[in-house]
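Dear colleague,

My notes on what was found in it follow directly after.

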Amino acid sequence: MAVLETTARDQRASGEATRRRKSVRRTTNPYSPAHRGDGRLAWVLIAPALVGFVVFAAYPTLRGIYLSFTDFAVLSPPEWIGLDNYRELLHDDVFWSSLGVTVYFVLLSVSLSLVVSVATAAVLHRLTSSTVIRGLIILPFLISAVVAGTVWWWMLDSQLGIVNIVIKALGGDGIQFLTSRGWAIPSVALISVWKQMGYTAIIIFAGLQTIPPTIYEAGRVDGASELRMFRTLTLPLLRPILALVVVLNIIGAFQVFDIVQVTTKGGPANASNVLQMYIYSKAFGQFDFGYAAAMSLALFVILIAITFLQMRLLRASESDTNA
Amino acid sequence: MTATRRRFSMGRAAAWTYLVGVLFVTIFPFYWILRTALSDNYALSADPASPLPVGFTWGPFKRVLGLATTQESIAEGGSGASIEIGHFLVNSVVYATVSTALIVFFSTLAAYAFSRLHWRGRDFMFSLFLTALMVPGILTLLPNFVLVKELGLLNTFAGMILPGALFSAFNIFFLRQFMLGLSTETEEAALLDGAGRLRVLFGITLPMTSGPIITLSILGFIGMWNDYFWPLLVTSDESVQPLTLALAVFKQSSPQAQPDWAGLMAATLVAALPMLALFMVFGRRIVNSIGFSGIK
């Protein structure tokens with residue numbers, strides 16, 4: 001792939017005559033035969049995507065940034081108020097608690113999801129290649145968060161929910177999973193992990209399959225145990241995919257909404273009022289779109305920072321595996 | 001030798017135990033939906049721990065599908081609300097199918113331009129498109145809602161579908177990478193024989209790219225089918241709302257103090273059923289697609 005790109009670049013740099021000579025010599029070059037008219041066709045082919053990019057990605061992004069400096073209630077035109085929204089943001093206790101709640105959720109759900117999905121993928125990889133089992137593992141990924149939230153809302157019910165019945169039968173005290181301040185976020189995180197874990201595990205499993213089995217045979221000959229091989233062979237080789245999965249999970253977790261909306265609606269007393277929930281209620285509950293846009297931008301800055309961290313991680317892992 | 005093998009199989013036993021545990025936690029909620037959906041609400045509160053349906057009845061499904069009268073429904077602990085399943089099913093099918101078909105098609109066209117054609121500005125446009133990968137949904141959602149409202153497209157399929165139907169940086173990137181990896185010999189031969197670019201695209205490149213196209217279609221369809229937030233923003237009218245919203249509305253109509261658990265689970269099952277059916281048919285394909293998308 002990289003080779004093809006280099007030849008393409010070479011070709012553009014060199015003159016017309018050399019190009020013709022090259023195209024005769026290298027018949028596999030994708031750019032060799034007549035590309036007269038390529039330009040026009042290319043713009044036609046990317047036209048729908050370009051319109052989508054400009055109208056529904058670039059324009060809304062810029063507009064979102066603009067709106068964050070305005071007072072805007074949708075019905076009347078936006079009114080420029082400079083940094084007022086951001087000033088308000090700094091002193092908005094609900095925003096900060098909401099950010100804290102979100103970070104808490106991200107840490108809990110991503111770490112738990114990572115541990116369980118890596119373990120599951122590794123166990124699957126070493127035990128069975130059954131597509132049926134892998135299929136069952138991703139079942140929760142196929143249903144909507146609304147369905148998942150509703151089911152767990154029922155199973156975690158403090159009176160009739162099966163989880164509490166089992167806890168009580170085992171001699172424990174009943175837990176107010178979704179209705180107590182302490183448990184609201186951990187419960188939402190558990191539901192989210194239940195829904196997302198299989199998907200992550202299958203991606204990691206696919207990554208594991210790219211590791212040549214001879215490595216494990218060599219390890220076994222050297223007398224390494226399964227656990228040791230997992231630590232010294234599997235994990236390092238898996239780092240690029242793990243870095244990708246972690247970052248995708250973090251970005252997804254920062255934007256959690258559906259499950260919260262269905263189970264706790266941000267309660268009790270803002271205990272699970274995650275950022276996107278707060279943004280939604282500001283925009284559509286109080287029609288404070290300017291302020292909601294400012295919070296969206298704050299979230300965007302956080303996510304950009306994480307994306308850059310991801311690039312670091314990925315690059316680090318590349319040099320690691322090449323060494 | 002025997003010692004190693006024994007230790008090894010102990011480890012295997014532990015691993016199998018773990019796997020069975022994970023599978024149990026994964027699947028149990030699905031069983032619990034079914035078990036609760038076939039139970040009677042009053043019997044349920046008397047015997048909530050029973051592993052089998054308590055006071056077996058089809059009542060919850062009848063309530064949800066609107067086959068029971070309001071009096072019957074309330075007598076069984078329901079609210080009288082129902083989900084017009086056929087109607088919402090059609091909405092979900094339209095939303096998910098049209099969105100997925102359009103976005104995959106347009107992404108394929110763009111990927112071809114980026115991988116096969118030679119034109120000024122190509123590399124710049126490609127990097128420009130890729131910047132969109134960095135922008136999270138939340139930043140564009142509110143302005144897009146405002147835009148759809150200004151275009152007068154609230155409560156229309158066009159308003160639901162359009163913002164996500166034209167451009168996907170991930171799809172374009174994914175397909176371009178795959179196309180760059182394909183051998184172009186057949187395409188070149190066809191071009192030399194005088195076939196037009198479009199004929200080559202639709203007759204040769206497209207069929208050769210069917211694997212990743214199916215992958216993206218499956219993942220896209222699942223995502224759209226389960227989408228909740230965007231339809232929640234742009235639709236308030238039942239005529240276009242998808243199944244996910246209908247379920248959420250049904251859940252809200254359930255009495256707060258004593259929810260109609262059986263009815264809720266029946267509704268949940270009804271909402272999940274189409275996806276589960278799709279899974280029965282395309283299970284292997286879906287599993288492979290997910291793995292494939294991660295590696296690329």
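A:Tyr104 counts as partly exposed because 15 C-beta neighbours lie inside 10 Å; a residue is buried if 20 or more other C-beta atoms lie within 10 Å of its own, exposed if 12 or fewer, and partly exposed in between, with C-beta atoms placed from the backbone. A:Tyr104 belongs to helix α5 (residues 93–127) of chain A; helices (H or I, at least four residues) and strands (E, at least two) are DSSP runs, numbered from the N terminus.

Residues are numbered from 1 along each chain as its sequence is written, and chains are lettered from A and ligands numbered from 1 in the order in which they are written.

As to confidence, the model scores ipTM 0.87 and pTM 0.85. The average pLDDT of chain B is 86, and 95% of the residues score at least 70; pLDDT is the predictor's confidence in each residue, from 0 to 100. Within chain B, the lowest confidence is found in helix α4 (residues 70–75), with a mean of 74, and the highest in helix α8 (residues 157–165), at 94. Over residues 1–6 of chain B, pLDDT stays under 50, and the model has zero contacts beyond four places in sequence for them. Where pLDDT is low, the predicted coordinates should not be read in detail.

Chain A contains 15 helices and two strands. Of its 323 residues, 41% count as buried. Among the contacts in chain A with a separation of 6 or more, 70% come from residues 24 or more positions apart; two residues are in contact if their C-beta atoms, placed from the backbone, lie within 7 Å.

Most residues other than glycine have a negative phi, and most peptide bonds are trans. A:Gly267 and A:Pro268 are joined by a cis peptide bond, with omega about -10°. A:Pro268 is located in the loop between α13 (258–263) and α14 (275–285) of chain A. The loop between α13 and α14 of chain A also holds A:Asn270, whose phi is positive, near 65°, in a residue other than glycine. A:Asn270 counts as partly exposed, since it has 17 C-beta neighbours inside 10 Å. A:Phe287, not a glycine either, has a positive phi of about 50° and lies in the loop between α14 and α15 (289–322) of chain A. With 14 C-beta neighbours inside 10 Å, A:Phe287 is partly exposed.

Turning to the interface, 82 residues of chain B and 84 residues of chain A take part in the contact. On the side of chain B that touches chain A, helix α15 (residues 261–295) of chain B gives the most, with 16 residues. That side divides into 57 nonpolar, 17 polar and eight charged residues, where Ala, Val, Leu, Ile, Met, Phe, Trp, Tyr, Cys and Pro count as nonpolar, Asp, Glu, Lys and Arg as charged, and the others, Gly among them, as polar.

The axes of helix α3 (residues 38–67) of chain A and α7(B) come within 8 Å and cross at roughly 95°; axes are lines fitted to C-alpha atoms, for helices over the stretch in contact, and angles run from 0 to 180 degrees between N-to-C directions. α3(A) is therefore roughly perpendicular to α7(B), a term for angles of 65 to 115 degrees, whereas angles under 35 count as roughly parallel, over 145 as roughly antiparallel and the rest as oblique. Residues making this contact include A:Phe56, A:Pro60 and A:Leu67 of α3(A) and B:Leu139, B:Pro143 and B:Leu147 of α7(B). By class, the contact has eight nonpolar, four polar and one charged residues.

B:Ile138 also lies in helix α7 (residues 137–150) of chain B and is buried, with 24 C-beta neighbours inside 10 Å. Leaving aside neighbours within four places in sequence, B:Ile138 is in contact with A:Gln255, A:Gln276, A:Ile279, A:Ser296 and A:Leu299.

Technical notes: Predicted model: local features only at pLDDT ≥ 70, side-chain atom pairs only at ≥ 80, totals over all residues.
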